[in-house]
Structure formats: structure tokens, C-alpha cells
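Please study the sequence and the structure shown here, then work through the exercises that follow.

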Amino acid sequence: MRQSLNEKCAVVGIFNHVEASKLAYFSLHSLQHRGQEAAGISSGDGERLHTIKDRGLVTQVFDEQKLATLKGHMAIGHTRYSTAGDDSILDAQPVHANYDLGQISIVHNGNLTNAQEVRNKLIKEGAIFQSSMDTENLIHLIAKSNQGKLKDRIIDAVKQIEGAFSLVFLSRTKMFAVRDRFGFRPLALGRIGDGYVVASETCAFDLIGATYIRDVEPGEMLIFEKGKAPQSLKIFDATPKHCIFEYVYFARPDSEVFGKNVYQKRKNMGVELAKEQPIEADMVVPVPDGGVPAAIGYSQQSGIPYEMGIMRNHYVGRTFIEPTQEMRDLKVKMKLSPIRELIEGKRLIVIDDSIVRGTTSRRIVRMLKEAGAAEVHMRISSPPTTDPCFYGVDTPNKEKLIAANMSIEEICHYIEADSLGFLSTEALMRSVRAEGSEYCTACFTGEYIV
């Protein structure tokens with residue numbers, strides 16, 4: 001298995017709305033948690049495409065003046081984080097190009113597992129790349145296709161790639177949404193007025209007043225054309241393998257992902273965790289914000305009081321998606337603060353959604369003990385993360401995954417907790433109320449789909 005050079009986070013598409021670019025902007029704002037390093041929007045007015053993208057948060061990249069230049073009734077947008085490759089403006093999305101059929105822009109959430117092989121083949125055939133993004137492969141595959149229509153060129157292109165992809169394409173007159181046959185990454189379809197919206201999560205719909213219709217199905221292409229209902233084509237035989245980590249960590253709790261409410265699934269994980277990993281204590285404390293729903297479930301199941309013993313500074317970004325360990329360490333100090341008067345002398349059950357490298361958990365345990373906690377028992381509402389993800393979640397190489405290199409007892413000693421317990425994979429499946437075969441659990445099991 002080969003990991004590509006780059007990974008993506010959130011996509012949105014707006015079609016047939018007079019303020020398409022503004023709706024894309026607000027949708028990206030609600031999806032900011034999925035990527036904080038770069039943002040971009042392409043709009044179309046029927047004659048040409050307009051694109052603005054840059055490094056930074058959505059609010060830093062766009063203002064009223066810039067949005068006013070993004071004219072047209074359709075727009076696609078993207079927020080990005082990088083895990084490898086260059087942190088360059090060239091790696092920001094949408095990817096935009098001119099080719100023989102006109103103009104095209106692409107946004108991508110996921111990761112292509114055969115990206116380097118495809119890239120090498122294209123380079124041998126004369127292609128010149130300007131970025132390290134696997135998404136740029138699609139531009140070249142579409143441009144060199146001998147199909148006459150863009151729809152057929154997109155189908156031709158996506159049949160040459162492997163891995164995870166939720167894609168939105170914009171031409172001068174149409175928008176296309178495509179999801180891989182496994183449905184690794186989420187992509188939802190909604191209605192707004194006489195127009196349509198697609199987005200990585202339904203929290204984007206809530207902000208702009210769109211109504212959720214359904215998910216784009218695994219293996220499906222939707223074609224949006226003015227004056228017509230969206231056309232649906234099944235271009236792959238569906239084999240659903242949704243990413244379970246969307247429920248564990250990645251998605252916002254107020255979103256419907258894979259057709260189910262994220263908050264309720266995380267609360268279920270806490271209930272199951274209390275059954276599997278009980279301990280006597282004085283209070284249940286979440287690591288905000290990821291551990292909150294599971295901590296509520298744990299508290300309700302165990303009968304141990306729930307308290308917000310750790311406060312979060314919401315003006316600091318998520319540590320998990322920062323590109324360097326030094327930034328993660330600094331941001332833990334900036335972002336989390338214990339309430340000494342509440343936790344001093346108490347036995348705490350501290351609930352978090354995952355342990356990846358272990359460094360953040362160790363800092364949290366130390367912080368709580370320095371604030372006077374008598375005991376700190378860590379409980380994790382997911383199984384040990386033992387294997388890297390190749391499908392678009394920022395997990396590091398196996399040598400940096402603490403659970404791949406230490407036993408649970410060794411991890412407990414490393415993070416300096418009084419005890420440590422994880423949710424089992426079986427209980428995780430019970431939490432989402434689905435058969436395990438519907439989900440990819442490779443980060444916990446090492447059983448890769450592609």
C-alpha cells in the first residue's frame with residue numbers, strides 16, 4: 001500500500017442559487033473543523049470560472065470584496081489540511097485548469113492510494129505537474145481522455161484511480177458530484193430554494209438553511225444542469241465501507257454522517273465504554289470537545305456525576321490536525337485549562353475520543369494531577385489506533401502510533417494515568433448500530449480495503 005502525497009478534508013458545492021459563492025463561503029465556515037490550513041472557492045456564471053484560494057482559515061482567505069468577484073449561480077469550495085508534501089499555495093484547492101473543452105475546477109475529500117503510480121505514468125506521457133496533490137492527477141486524466149463529453153471524461157478518469165474520493169467538479173455550465181464505490185468519505189445532498197447543495201457534512205446545510213435530501217450513494221455520480229433535476233448515474237458497483245473514524249472524531253456532532261446522527265453515536269460509545277471499562281471514581285470529565293458526548297453516555301450508564309472539569313479555549317485550533325508535533329504540544333497548553341476547585345482531591349474518569357501519539361494524553365494527565373486530582377483514569381471511546389489511515393484521515397506512520405508499539409499497560413505508564421481502558425471494536429460497532437462489514441476499521445484492525 002502506498003500513501004499519496006497529500007490529503008484533503010471538506011468539500012461543498014452550490015448549484016442554481018444567485019448567491020452561490022456566499023453560500024459556499026458560509027458552508028465552508030461550518031466545515032472549518034475539517035481543515036484549517038487553506039481554503040478556496042471556484043464559481044461559475046455560465047461563461048467562465050472564477051477562483052480564489054489561499055492559505056489560512058475561511059475568514060482569512062475571503063472578505064466581501066473577494067466574494068463579490070466570485071460571480072455566478074454555482075460554486076464549489078474546499079478547506080484543507082496537509083499531512084505530507086509541501087505546504088504551498090499550489091496545494092490549495094479548488095484545482096483549476098483550462099483544457100480543450102474549456103475550464104474546469106475540482107475539489108476532493110479523501111486520498112488516492114494509487115496516486116504515485118498514476119502520476120508517474122502521466123509524467124512519462126508528457127504531463128507537467130504544478131503541485132504535490134493527488135487531485136491534480138484528475139485534471140490530466142480528464143484532459144487526455146478521448147471521450148467527447150465532460151461527463152464521460154470524468155467517468156473515464158475516476159475509473160483509473162483507487163482509494164477514497166468524494167469529488168465535486170465545476171465546468172462553465174454544470175456541476176458534478178462523485179463518490180467512490182466504498183463511500184469512505186461522507187457526501188450529502190441537500191436542497192436550497194430552487195437549487196441544490198452537496199457537502200461533506202450536513203452541518204453545512206443547517207447554517208445556510210438547506211434541507212437534507214439524502215447521501216450521495218457510494219459509486220454514484222450526480223450531474224447538476226440548470227433547469228433540470230439532478231441526474232444520477234451509477235458508475236461503480238457499491239461496496240459500502242464507510243470510515244468509522246468519522247463517528248469517532250472527525251465529523252461535527254451536530255451532523256448527519258452516513259445517514260446517522262454523530263452526537264448520538266458518540267454518546268452510545270460512552271455507554272458501551274462504561275459497560276466494558278468501569279472504575280470507581282468521583283466524577284466523569286470529558287476532554288473537550290471530542291470527549292463530551294461519550295462522557296455524557298459514560299456518566300449516565302455508570303451513575304457517576306458528569307462535570308466539565310476541563311475548559312477549552314475555542315479560539316485555538318484542533319491540535320490533531322496541526323502539521324508539526326511542536327505545534328500540537330504548544331496548543332494543548334493554550335487550549336485546555338483545568339478547574340482546580342472542581343477536581344482537587346477527586347478521582348477522575350477522563351474521557352477522550354482517541355489516543356494517537358499519546359503526547360496530548362500525557363500532557364492532559366499531568367495537567368490534571370498538577371491541579372490536584374487524586375487519581376486520573378483515562379477511558380477512550382474507541383479502540384487502540386494501531387495502523388495508519390490511507391484514505392484521508394491524518395494518522396501518522398505506524399512507528400509514531402503509540403498503540404502499534406506499546407501494550408495498553410505500557411501506554412498507561414507513558415501517559416502517567418492511574419488506569420487506562422479502550423472501547424473494543426465489537427462495542428464500537430454496537431454503538432453505531434450497524435454490522436461491522438459496512439465500515440472500514442483499518443485504523444484499529446489493520447484490515448485495509450484497497
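**Exercise 1.** Which exposed residues does the face of helix 15 turned away from its buried side carry?

*Solution.* The model is predicted: local features need pLDDT of at least 70, side-chain atom pairs count only at pLDDT 80 or more, and totals for chains, interfaces and linings use all residues. Residues are numbered from 1 along each chain as its sequence is written, and side-chain values use heavy atoms, without hydrogens and water.

Step 1. Helix 15 spans residues 408–415, and its buried residues are I411, C412 and I415 (buried: under 20% relative accessible area; exposed: over 50%; 1.4 Å probe, protein chains only). Helices are DSSP runs of H or I with at least four residues, and strands are runs of E with at least two, numbered from the N terminus.

Step 2. These residues lie on the same side of helix 15 because they cover an arc of only 100° around the axis, taken from the directions from the helix axis to the C-beta atoms.

Step 3. The face turned away from the buried side carries E409 and H413, which are exposed.

**Exercise 2.** State what covers the buried residues of helix 15.

*Solution.* The cover includes helix 13 (359–370), strand 21 (375–380), helix 14 (402–405) and strand 22 (419–422).

**Exercise 3.** Is Y25 buried or exposed?

*Solution.* Step 1. Y25 is located in helix 1, residues 20–30.

Step 2. Y25 counts as buried because its relative accessibility is 13%.

Step 3. Leaving aside residues up to four places away in sequence, Y25 touches I41, V58, T59, F62 and L67 (contact: heavy atoms within 4.5 Å).
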